[in-house]
Amino acid sequence: MTRIGILTSGGDCPGLNAVIRGAVLKGTEVHGQEFVGFLDGWRGLVEGDAIPLNRSRVRGLAQQGGTILGTSRFGPYQGPNGGAQNIQKTLDRLGVDAVIAIGGEGTAAASKRLFGEGIRIVGVPKTIDNDLSHTDYTFGFDTAVEIATEAIDRLRTTGNSHKRCMVLEVMGRHAGWIALHAGTAGGAHAILIPEHPESLEQICEWVTSVRDRGRSPMVVVAEGFRLPHMEEAYSTKGLDGFDRPRLGGVAEFLAPLIEKHTGIETRATVLGHIQRGGVPTAFDRVLATRLGMAVTDLVAEEDWGHMVALHGTDIARVDFDELAEPKYVPERRYQEMRIIFG
Ligand code: F6P
């Protein structure tokens, strides 16, 4: 019987538990596989810290946010027990034959390296940012967009009451998918994304024209957005576990500038981790469950070095390195909405 270790790595994402449940249900029922869960991402694999996962342990998990396994930004090559050779020894000691890694671009890159060094590993893509290539959507994105859209709806009513300009900041380090989708759904008057710098003058022109029509301007900005003179995204909070700048706060940076240049009282809201918490939407539960089920087929067929992905409405298989390529908002998608800003 094949024994599989599952781990969830990187920032959490609504739907991770649904993947775990989908994998354990199909794996045990259809393929006769057995499962353990490594705790706190790669740390659990590197240190051999695992818990048994069976049918009763995954009961009711489809609707539960977060990850029952915990996650971290710990890398598989970190620490005295890291690296493919040590990991293989740990897997042998635990009697684990294969690894399912659920994670984003960093996890895909690390998985590819481990696969190249002999680890039997497959993966499931994850990120609320929806910025992984070769998969049409990642689970968690739909949930984040719903939460951000609700925030826009709420900010618009209070903004209207006070005739204020409201600026909402959403996540999106490299790509502005959440800003674009939530901003479109919520009827924002300007959407600012990392892929397309906009000048302060242009933003203020949109804001002023909205106010001149008697409306309260609503601006949605992704955390990774830059004004043309900014070389890096706005960051004042040091580095994260992967040595990347911790983003967050660009809305608070922009709001006083907009107020100063337009004379319109402007308030900022940073949505932050609210976007990653709570129950997944039905769409994300379905996608996550299907991906979890499908990844057990990869193990059954010993199709190592691949991840499952969504192509149209079908679950497909892609190489780890294909997924590690970022998926940016194409210029034509941005221009499609930009013509109605202001
Ligand atoms: O990678 C997904 C993401 O949501 C980014 O948009 C954001 O910069 C990052 O996670 C923040 O994660 P954390 O605060 O957990 O380090």
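Before anything else, the model is a predicted one.

I will begin with the whole chain. Its secondary structure comes to eleven helices and eleven strands. The radius of gyration is 22 Å, close to the 20 Å that the globule rule gives for 342 residues, so the chain is as compact as a globular protein of that length. Taken along the principal axes, the C-alpha atoms fill a box of roughly 70 × 35 × 30 Å.

How much of the chain is buried? Buried residues make up 56% of the 342.

Two more items at chain level. If you take the contacts with a separation of 6 or more, 74% of them are between residues 24 or more positions apart.

Now the strands, starting with β4, residues 98-103. This strand is mostly covered, with six of its six residues buried. In a regular strand the side chains alternate between the two faces of the sheet. What does that look like in β4, face by face? On one side are Ala 98, Ile 100 and Ile 102, on the other Val 99, Ala 101 and Gly 103, and all of these are buried, so both faces are covered.

β4 has pairings with β1 and with β5. Strand β1, residues 3-8, runs parallel to β4 over five bridges, and Ile 4 stands opposite Ala 98 in β4. With β5 the pairing is again parallel, and five bridges join the two strands. Here Gly 103 has Pro 125 of β5 as its bridge partner.

Next is β8, residues 218-222. Five of its five residues are buried, so this strand is largely enclosed by the rest of the structure. Both faces are covered here too: Met 218, Val 220 and Ala 222 lie on one side, Val 219 and Val 221 on the other, and all are buried.

Which strands pair with β8? One is β6, which pairs with β8 in the parallel sense over five bridges; Glu 169 stands opposite Val 221 there. Another is β7, residues 190-192, which is joined to β8 by three bridges and also runs parallel to it. In that pair, Ala 190 has Val 219 of β8 as its bridge partner.

The next pair is antiparallel. Strand β10, residues 306-311, has five of its six residues buried, so it is largely enclosed by the rest of the structure. Six bridges join β10 to β11, residues 314-319, and the two run antiparallel. Val 308 has Arg 317 in β11 as its bridge partner. The hairpin of β10 and β11 has two residues between the strands, and Gly 312 takes a positive phi near 65°.

That brings me to backbone angles. Most residues other than glycine have a negative phi. Glu 302 is found in the loop between α9, residues 282-300, and β10.

Leu 132 lies in the loop between β5, residues 121-125, and α5, residues 141-162.

What does Leu 132 touch? Leaving out residues up to four places away in sequence, its contacts are Gly 104, Glu 105, Pro 125, Lys 126, Thr 127, Thr 138, Leu 323, Glu 325 and Lys 327. Pro 125 has already come up as the bridge partner of Gly 103. Finally, a distance: Leu 132 and Leu 155 are 23 residues apart along the chain, and their C-alpha atoms are separated by 30 Å.

Technical notes
Residues are numbered from 1 along each chain as its sequence is written. This is a predicted model: local features need pLDDT of at least 70, side-chain atom pairs count only at pLDDT 80 or more; totals for chains, interfaces and linings use all residues. Side-chain values use heavy atoms; hydrogens and water are left out. Helices (H or I, at least four residues) and strands (E, at least two) are DSSP runs, numbered from the N terminus. Contact means heavy atoms within 4.5 Å. Buried means under 20% relative accessible area, exposed over 50%, partly exposed in between (1.4 Å probe, protein chains only). Two strands pair if DSSP finds at least two bridges between them. The radius of gyration is taken over C-alpha atoms; the globule rule is 2.2 Å times the number of residues to the power 0.38.
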